[in-house]
Amino acid sequence: MKPEILFAAGEARWRRYEPLLRRALAEAGLAEARIGTDTGPPETVDYIIYTPDSQVRDFTPYTRLKAVLSLWAGVESVVGNPTLKVPLCRMVDSGLREGMVEWVTGQVLRHHLDIDRTLASQNGEWRPRAAPLARGRPVTMLGLGELGRACAQALAALNFPVTGWSRTARQVDAITCLHGATGLEQALARAAILVLLLPHTPQTENLLNAERLRLLPRGAVIVNPGRGSLIDDAALLDALDSGHVGHATLDVFRTEPLPPAHPFWAHPHVTVSPHVAAETRPETAAQVVVENIRRHETGLPFLYLADRARGY
Ligand code: NAP
């Protein structure tokens with residue numbers, strides 16, 4: 001088998017991925033595969049390894065293409081590309097998942113234990129004030145996919161009462177699972193800390209608008225490592241200014257990098273994080289990509305297919 005694989009994810013990534021992909025291909029019995037950032041004419045390419053900053057915008061010339069394999073979990077920038085007619089696989093990577101669990105757990109504990117205030121008040125005053133136990137701090141997780149589920153379960157293991165919300169009905173151990181419009185209202189109403197791990201789709205755009213922000217308990221904290229478009233920025237700023245929302249820790253924004261003049265930067269109750277919650281780890285991601293190629297080459301179905309109609 002000699003599949004031809006175009007690495008359309010930039011030269012810098014190629015330098016990190018090349019040895020890992022070559023090793024994974026050899027281990028999968030695909031040592032003969034041709035792989036590189038410039039494999040030859042488009043009509044000879046079987047697979048494209050893809051990131052949103054890829055040079056490939058028009059898939060039409062890739063007439064032999066069998067699949068596009070995204071190195072990113074979020075596929076909103078490619079899933080609706082009308083020239084893409086072949087399967088699109090998104091990234092489900094244990095390294096990405098571990099990173100997200102660490103980041104979300106860290107942020108939730110930071111707010112739960114009020115670590116910012118403790119650090120800010122080190123001025124010689126001895127003011128003991130113990131935080132309540134996690135069991136008294138309800139957390140709501142919007143999104144119960146690969147990442148939301150893992151984060152919800154890590155938080156539940158620390159005794160946070162966790163409610164999860166998804167598009168379809170789900171069952172996740174130790175999590176109260178809700179779905180649908182009424183489920184969202186209930187999930188928001190009980191969220192002392194709200195975590196967003198939804199994809200960007202037309203249905204999730206501005207999901208957290210002024211009306212839904214009002215459903216949160218006063219002083220609730222928002223942690224958003226999902227996508228910037230999930231929240232109406234102006235409504236969030238109003239809710240922060242009025243004290244209805246206590247703090248927002250945001251890792252993702254409508255425009256990235258976040259423009260210097262954006263009010264989030266200067267807001268005393270916003271933490272800006274530069275889209276670092278979790279990144280695809282080449283060591284594990286290379287194996288995920290190659291496993292999908294191996295599967296298709298041996299007649300097995302692809303894993304982690306994005307659904308064009310759903311948009312994620
Ligand atoms: P996933 O496995 O596709 O899960 C998505 C979850 O969102 C599912 O539970 C899905 O519901 C739910 N959902 C989608 N549309 C919905 C809607 N309209 N209403 C209610 N629920 C909806 O995705 P994932 O791998 O967990 O990743 C989630 C997102 O995290 C990505 O799309 C990306 O935007 C973001 N991300 C951020 C970073 C970072 O560094 N900040 C890194 C990686 C990923 P169902 O279960 O019913 O399908």
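This is a predicted model: local features need pLDDT of at least 70, side-chain atom pairs count only at pLDDT 80 or more; totals for chains, interfaces and linings use all residues.
**Stop 1: the ligand**

Select the ligand and the residues around it. The shell holds 30 residues, and R90, T168, R170, A278 and Y312 come nearest. What classes of residue make up the shell? There are 14 nonpolar, 10 polar and six charged residues.

Now colour by secondary structure. Helix α2, helix α4 (146-157) and strand β7 (162-166) each supply at least two shell residues. The largest share, three residues, comes from α4.

Zoom in on the oxygen atoms of the ligand. Pick Y312: an N or O atom of its side chain is 2.6 Å from a ligand oxygen. Next pick R170, where an N or O atom of the side chain lies 2.7 Å from a ligand oxygen. Then show the backbone of E146. A polar backbone atom of E146 is 2.9 Å from an oxygen of the ligand. How much of the ligand does the protein cover? On its own the ligand has 950 Å² of accessible area, and the protein covers 94% of that.

**Stop 2: the salt bridges**

Side chains of opposite charge can pair when their charged atoms come close. The count here is 16 salt bridges.

Select E297 and K66. Their side chains form a salt bridge, 3.2 Å from N to O. This pair links distant parts of the chain, 231 residues apart: E297 is in helix α9 (residues 282-297), and K66 is in the loop between β3 (47-50) and β4 (67-70). K66 has a relative accessible area of 26%, so it counts as partly exposed.

Move to E76 and R227. Their closest N and O atoms are 2.5 Å apart, in another salt bridge. Here too, distant parts of the chain are linked: E76 sits in the loop between β4 and β5 (88-89), R227 in the loop between β10 (220-224) and α7 (233-241), 151 residues apart. Is R227 buried or exposed? It is buried, because its relative accessible area is 13%, under the 20% cut-off. E76 is partly exposed at 29%.

Now select E125 and R127. They form a salt bridge with the closest N and O atoms 3.4 Å apart. R127 is exposed, at 58%, while E125 is partly exposed, at 47%.

Finally, show D46, R64, K66 and E297 together. Salt bridges with shared partners join them into one network.

**Stop 3: a nonpolar patch**

Switch to the surface view. Select L113, I115 and L119. They form a nonpolar surface patch with about 260 Å² of accessible area together. L113 lies in the loop between α2 (94-112) and α3 (115-120). With a relative accessible area of 41%, L113 is partly exposed.

How values were computed: Residues are numbered from 1 along each chain as its sequence is written. Side-chain values use heavy atoms; hydrogens and water are left out. Patches are made of residues with over 30% relative accessible area and no salt bridge: like charges are joined within 9 Å, nonpolar side chains (Val, Leu, Ile, Met, Phe, Trp, Tyr) within 5 Å. Accessible areas come from the Shrake-Rupley method with a 1.4 Å probe; for residues, only the protein chains shown count as cover. A salt bridge is a side-chain nitrogen of Lys or Arg within 4 Å of a carboxyl oxygen of Asp or Glu. Helices (H or I, at least four residues) and strands (E, at least two) are DSSP runs, numbered from the N terminus. Buried means under 20% relative accessible area, exposed over 50%, partly exposed in between (1.4 Å probe, protein chains only). A residue is near a molecule or strand if one of its heavy atoms lies within 4 Å of it. A polar contact is a pair of N or O atoms within 3.5 Å; within protein, one must be able to donate a hydrogen and the other to accept it, and residues adjacent in sequence count only if both atoms are side-chain atoms. Ala, Val, Leu, Ile, Met, Phe, Trp, Tyr, Cys and Pro count as nonpolar, Asp, Glu, Lys and Arg as charged, and the others, Gly among them, as polar.
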